[in-house]
Every structure is written in structure tokens, then in C-alpha cells.
Amino acid sequence: MSSATTTPINHLFSGRSEHALPYNRDVNSEMNALILDYLTLSGYSRAAANFSREANLDPHQDNQSILTRQKIQNAIHRGHVHEAIEALNDLDPEILDGDPVLHFSLLRLQLVELIRQCTTSPDGDITPALHFAQTHLAPRAPTSPQFLEDLENTMALIVFPHDKLGPDLEPLLHPNLRREVADNVNKALLQRQADRREAAIRMLIHTRAWAGKTAQDSGKSHSEQMGLDLSLDLLGHRSRASENGSEEMNTSL
């Protein structure tokens with residue numbers, strides 16, 4: 001294999017990595033900075049503050065900014081979507097006004113939570129869910145085929161037993177939907193604050209995946225396993241536990 005065929009890929013990967021890693025060349029310092037960056041952009045205020053002290057790093061964002069994003073995300077994770085929407089509007093009304101897809105996803109999640117409450121209540125009264133759907137989602141649905149499909153699928157939760165849902169409807173009641181919406185809200189807040197939407201460590205993972213695919217397409221060997229996605233999931237789990245005071249923060253990747 002000639003150097004002429006390997007240099008371009010290495011050069012492109014190095015360039016992308018340098019862009020995602022605006023830190024010094026000390027490996028431990030870079031890793032600590034990556035972890036703090038991830039905790040900060042993900043909204044883990046307590047974990048970020050503790051880790052910045054332990055690693056002797058300056059905070060990447062003021063604590064109030066992190067706390068605000070964390071409050072909104074936590075409300076979504078608990079299913080208190082109305083509370084999250086009110087907090088978003090109090091913080092910056094233009095966020096939802098300028099992003100109809102994000103706004104609709106929040107309203108749909110609020111409808112899911114209402115249906116969940118109505119169908120599990122003793123009287124099984126679904127009137128509040130129907131009224132909410134007619135008032136807040138039905139007028140928006142005709143503006144997008146995806147909105148219309150999402151609304152139809154969500155309303156189907158009223159008809160079918162929740163323990164016998166098909167693969168198209170079951171994800172609506174899974175906690176992953178709350179996490180997805182909370183993550184999109186967090187990214188929108190970061191964008192409004194003129195910050196990056198994604199942690200540098202995730203950018204590196206995407207860059208590594210791109211480099212691996214490029215090498216594979218060129219017929220060159222590359223490592224198939226990254227392991228970082230799983231580690232980030234574990235780090236996020238431990239960070240959420242730390243925010244709730246139920247577990248000591250462990251930042252080892």
C-alpha cells in the first residue's frame with residue numbers, strides 16, 4: 001500500500017479531529033475536557049460542576065444556563081410536558097414559534113401523556129385528551145403529512161389496549177420518546193444560545209465512523225468496534241443519577 005493512497009484519509013481524519021478537539025495535546029487533559037464538554041452540553045449541572053472542580057477545569061458554561069436547560073429536560077423526562085413548554089416560552093418564546101417541528105413534537109408528547117393519564121384513570125374519561133388534540137394538534141396537522149401521520153398514530157392509543165400495541169404504536173409509550181424530545185429541545189436551546197448543538201465527543205464518534213466507512217469503501221482495514229457509544233450511554237445514566245443524588249458520579253469512559 002503506497003503512502004500516496006493512505007495520506008489523504010489520514011489528513012482528512014486529522015483535520016476533522018482537530019476541529020472537534022480544541023484542547024491541548026495532553027491526553028488526560030483532552031479527555032477531561034471532553035467529559036466536561038459532554039456534561040455541560042447535556043445539561044448535567046451538578047455533575048459538570050463537581051467534575052470541573054475534581055479535574056481542575058474552568059466551567060464551560062455558567063451554572064444558571066445549565067440549570068435552566070436541565071429543568072426543562074427533567075420536566076419532559078417526567079412527562080410534565082406542559083411545564084416544559086411554559087418554561088421554554090418564559091425563557092424565549094421565539095424558540096417554539098420559529099420551530100414548528102419541535103413545537104409539534106412537544107404537543108404530541110403532551111397528548112401522549114394525557115392519553116396515558118386518561119386511560120389509566122378510574123373513570124377512563126378521554127375527554128381531556130380529545131379536547132387537547134382538537135384544540136392544539138388538529139389545526140397544525142394539515143400543514144405537514146408527517147404531522148398528520150403522527151397525530152393519527154397518537155390518537156390510536158385511545159382505541160387499542162396499551163399492553164397489546166403493535167410495533168408502530170408501542171414506541172409512543174416508551175421512555176425513549178421523552179428522551180428524544182428532551183434532547184431535541186436541549187439542542188434548540190443550545191443553538192439559541194449560539195453554542196454547539198452537539199458535544200465534541202459525539203462529533204469525534206461521528207468522525208471515527210466516517211473514517212471507518214471511508215477506509216472500508218477504499219478496501220483498507222479498520223477497527224469495527226468503537227465502544228464509545230455504550231460508554232456515553234453509561235456516562236449519561238450515571239450523570240442523571242448524580243443529578244438526583246442517588247449515585248456518585250463516575251466519569252470513567
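Axes are lines fitted to C-alpha atoms, for helices over the stretch in contact, and angles between N-to-C directions run from 0 to 180 degrees. The structure is a predicted model, in which local features need pLDDT of at least 70 and side-chain atom pairs count only at pLDDT 80 or more, while totals for chains, interfaces and linings use all residues. Residues are numbered from 1 along each chain as its sequence is written, and side-chain values use heavy atoms, with hydrogens and water left out.

The protein chain contains 12 helices and zero strands, where helices (H or I, at least four residues) and strands (E, at least two) are DSSP runs numbered from the N terminus. The order of elements from the N terminus is α-α-α-α-α-α-α-α-α-α-α-α. Of the 253 residues in the protein chain, 41% are buried; buried means under 20% relative accessible area, exposed means over 50%, and partly exposed lies in between (1.4 Å probe, protein chains only). Contact is taken as heavy atoms within 4.5 Å. Of the contacts in the protein chain between residues at least 6 apart in sequence, 60% join residues at least 24 apart.

Two packed helices are described by the angle between their axes and the distance between the axes. Helix α7 (residues 100-120) packs with helix α9 (residues 145-159) at an angle of about 5°, the axes being 9 Å apart. Helices α7 and α9 are therefore roughly parallel to each other; angles under 35 degrees count as roughly parallel, over 145 as roughly antiparallel, 65 to 115 as roughly perpendicular and the rest as oblique. On the α7 side, the contact involves Pro100, Val101, Phe104, Arg108, Leu111, Val112 and Ile115, which meet Phe147, Asp150, Leu151, Thr154, Met155, Leu157 and Ile158 of α9. By class, this contact of α7 with α9 has 11 nonpolar, one polar and two charged residues. In this classification Ala, Val, Leu, Ile, Met, Phe, Trp, Tyr, Cys and Pro are nonpolar, Asp, Glu, Lys and Arg are charged, and the others, Gly among them, are polar. Asp150, located in helix α9, counts as buried at 14% relative accessibility. With neighbours within four places in sequence left aside, Asp150 is in contact with Phe104 and Arg108.

Helix α7 also packs with helix α8 (residues 127-137), at an angle of about 170° and with the axes 9 Å apart. The two helices, α7 and α8, are therefore roughly antiparallel. The crossing of α7 past α8 is left-handed, meaning that the near helix is turned anticlockwise from the far one by less than a right angle (clockwise for right-handed). Phe104, Leu107, Arg108, Gln110, Leu111, Leu114, Ile115 and Cys118 of α7 make this contact with Pro128, Ala129, Phe132, Ala133, His136 and Leu137 of α8. The residues of the contact of α7 with α8 comprise 11 nonpolar, two polar and one charged. Phe132 belongs to helix α8 and is counted as buried, at 9% relative accessibility. Apart from residues up to four places away in sequence, Phe132 touches Leu107, Gln110, Leu111, Leu114 and Leu137. The C-alpha atoms of Phe132 and Gln110 are 8.9 Å apart in space, with the two residues 22 apart in sequence.

A further packing partner of α7 is helix α5 (residues 81-91). The axes of α5 and α7 come within 9 Å and cross at roughly 155°, which makes α5 roughly antiparallel to α7. In this contact Val81, His82, Ile85 and Leu88 of α5 meet Leu106, Leu107, Leu109, Gln110 and Glu113 of α7. Its residues divide into six nonpolar, two polar and one charged. Glu86 is also placed in α5 and counts as partly exposed at 43% relative accessibility. A distance of 9.2 Å separates the C-alpha atoms of Glu86 and Ile72, which are 14 residues apart along the chain.

Asp99 is situated in the loop between α6 (94-97) and α7, and at 26% relative accessibility Asp99 counts as partly exposed. Gln73 lies in helix α4 (residues 63-77) and is buried, with a relative accessible area of 9%. The side chains of Gln73 and Asn186 are joined by a polar contact of 3.3 Å. A polar contact is a pair of N or O atoms within 3.5 Å; within protein, one must be able to donate a hydrogen and the other to accept it, and residues adjacent in sequence count only if both atoms are side-chain atoms.
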